[in-house]
Amino acid sequence: MKVLKKSLVLLLLPLLAFTAAHKYYVSVTNINYSEKDQAFQITTRIFIDDFEALLKERYGLEAKLATDKESKMADAYIGKYLKAKFLIHINGEQKQYRFLGKKYDNDIMVCYLEIPDIPGNDITSITVQNEVLTDLYDEQQNLVHVKVKGKKKSFVLIKENNKGMLNL
């Protein structure tokens with residue numbers, strides 16, 4: 001019986017080690033339209049270590065995010081990358097947003113974006129294309145929650161299916 005238990009442990013140990021090392025690649029983005037401000041207010045949550053790896057791979061930047069030694073160029077590169085990989089079309093027209101800044105929440109970087117001066121009566125559709133981190137991680141999933149004029153829709157966007165649309 002002892003030999004059977006030891007054999008079982010030896011067989012299960014590699015499986016347990018594999019599952020413990022498994023990592024999830026996910027970001028969560030909330031897009032809310034503010035009637036009061038006539039603006040889309042966007043927050044996106046991304047794991048710090050994943051984004052640091054991306055900045056190093058793509059731009060050669062040792063960002064050292066969320067530390068006292070954070071690169072002075074970090075915000076510029078974060079904004080540049082997001083503008084290339086996170087696109088929003090309103091009524092079929094691509095809109096530029098402002099990168100307002102970021103904060104850190106444990107192991108998450110929360111980025112704040114805004115698209116100002118969008119009259120609510122003019123919005124008929126919103127299309128979101130989110131390719132954040134899919135160029136580095138094939139398993140990356142980007143959850144996007146959109147709330148506009150009382151309508152809500154959520155998308156799980158992946159490398160092969162990176163767009164979602166809400167018609168109003």
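Predicted model: local features only at pLDDT ≥ 70, side-chain atom pairs only at ≥ 80, totals over all residues.
Six strands make up an open sheet, and their order is β5-β6-β2-β1-β8-β9, with mixed pairing. Which strands sit at the edges? They are β5, residues 98-105, and β9, and each of these pairs on one side only. Going from one strand to the next, the twist averages 15°.

For those new to sheets, the strands of a sheet pair through backbone hydrogen bonds, and the pairing is either parallel or antiparallel. Here β1 and β8 give us the parallel case, with seven bridges. To find one of these bridges on the screen, look for Asn32, whose bridge partner in β8 is Lys147.

Helix α2 lies across β2, β5 and β6, and runs at about 90° to β2. Helix α3 also packs on the sheet, touching β2, β5 and β6, and its direction makes about 115° with that of β5.

These two helices meet each other as well. How do their axes cross? The axes of α2 and α3 come within 11 Å and cross at roughly 85°. An angle of 65 to 115 degrees counts as roughly perpendicular, so α2 is roughly perpendicular to α3. On the α2 side, the residues that meet α3 are Phe51, Leu54, Leu55, Arg58 and Tyr59. On the α3 side they are Tyr77, Ile78, Lys80, Tyr81 and Lys85. By type, the residues of this contact divide into seven nonpolar, three charged and no polar.

How many aromatic pairs does the structure hold? There are five. I will show two.

One is Tyr25 with Tyr137, a stacked pair with 4.0 Å centre to centre and 20° between the planes. Tyr25 lies in the loop between α1 and β1, and Tyr137 in the loop between β7 and β8, so the pair ties together parts that are 112 residues apart in sequence. Are these two residues buried or exposed? The cut-off for buried is under 20% relative accessible area. Tyr25 has 18% relative accessibility, so Tyr25 counts as buried. Tyr137 has 13%, so Tyr137 counts as buried too.

The other is Tyr59 with Tyr77. Their ring centres are 4.8 Å apart and the planes are at 45°, so this pair is tilted. Tyr59 belongs to helix α2 and Tyr77 to helix α3, 18 residues apart, and the pair links distant parts of the chain. Tyr59, at 22% relative accessibility, counts as partly exposed. Tyr77, at 23%, also counts as partly exposed.

Last, strand β10, which covers residues 163-167. β10 runs antiparallel to β7, and five bridges join them. In one of these places, Gln129 has Lys163 of β10 as its bridge partner. The strand has a covered face, made of Gly164 and Leu166. Its uncovered face holds Lys163, Met165 and Asn167.

What does Asn162 touch, leaving aside its neighbours within four places in sequence? Its contacts are Val128, Gln129, Asn130, Glu131 and Leu157.

That is the end of the talk.

How values were computed: Residues numbered from 1 in each chain as written. Heavy atoms only, no water. Phe/Tyr/Trp six-rings, centres within 6.5 Å; stacked < 30°, edge-to-face > 60°. Helix = DSSP H or I, 4+ residues; strand = E, 2+ residues; numbered from the N terminus. Buried < 20%, exposed > 50% of the residue type's maximum accessible area, 1.4 Å probe, protein only. Pairing = 2+ DSSP bridges. Contact = heavy atoms within 4.5 Å. Axes fitted to C-alpha atoms, helices over the stretch in contact; angles between N-to-C directions. Parallel < 35°, antiparallel > 145°, perpendicular 65-115°, else oblique. Nonpolar A, V, L, I, M, F, W, Y, C, P; charged D, E, K, R; others polar.
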